[in-house]
Amino acid sequence: MLHFAAHALDRVRERGISQSDVEFAWAHPASATVSGRRPDTRKFVGRTATGTDLIVVVAKDDRRRIITVWVK
């Protein structure tokens, strides 16, 4: 189970991304995980079931904690 930070929940609602899209993209990475802008985060591109690429930023110490998401 993924855990969404409040910021992530706000961003998915604002950007019209469903939590199930994020969960699918999280499970289907399309790139290697790299360092995020902040030292405590990592980011990767994940692909949704419909083929949309999402940038997913996760906590460095807990990859299941979603920090933010946006469409690539």
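**Entry 1: Arg-15 and Glu-14.** I looked up Arg-15 and found its side chain in a salt bridge with that of Glu-14, at 3.9 Å from N to O. I count a salt bridge when a side-chain nitrogen of Lys or Arg lies within 4 Å of a carboxyl oxygen of Asp or Glu. Arg-15 is partly exposed, with a relative accessible area of 36%. For accessibility I take buried as under 20% relative accessible area, exposed as over 50%, and partly exposed as in between (1.4 Å probe, protein chains only).

**Entry 2: basis of the notes.** I note that the model is predicted, that local features need pLDDT of at least 70 and side-chain atom pairs pLDDT 80 or more, and that totals for chains, interfaces and linings use all residues. Residues are numbered from 1 along each chain as its sequence is written, and side-chain values use heavy atoms, with hydrogens and water left out.

**Entry 3: Glu-14 and Arg-11.** I next followed Glu-14 to a salt bridge with the side chain of Arg-11, at 3.2 Å from N to O. Both residues lie in helix α1, three residues apart, which is about one turn of the helix. I use helices (H or I, at least four residues) and strands (E, at least two) as DSSP runs, numbered from the N terminus. Arg-11 counts as buried at 17% relative accessibility, whereas Glu-14 counts as exposed at 54%. Through shared partners, the salt bridges join Arg-11, Glu-14 and Arg-15 into one network.

**Entry 4: Asp-10 and Arg-13.** I also found a salt bridge between the side chains of Asp-10 and Arg-13, at 3.1 Å from N to O. The two are about one helical turn apart because three residues separate their positions in helix α1 (residues 6-15). Asp-10 is partly exposed at 36% relative accessible area, and Arg-13 is exposed at 59%. I recorded a total of six salt bridges. In general, side chains of opposite charge can pair when their charged atoms come close.

**Entry 5: the strands.** I then turned to strand β2 (residues 34-35) and strand β3 (residues 41-47), which run antiparallel and are joined by two bridges. I treat two strands as paired if DSSP finds at least two bridges between them. Val-34 stands opposite Lys-43 in β3, and a hairpin of five residues links β2 to β3.

**Entry 6: β3 and β4.** I found seven bridges between β3 and strand β4 (residues 53-59), and these strands run antiparallel. Arg-47 has Asp-53 in β4 as its bridge partner. The hairpin of β3 and β4 has five residues between the strands, and there Gly-51 takes a positive phi near 90°.
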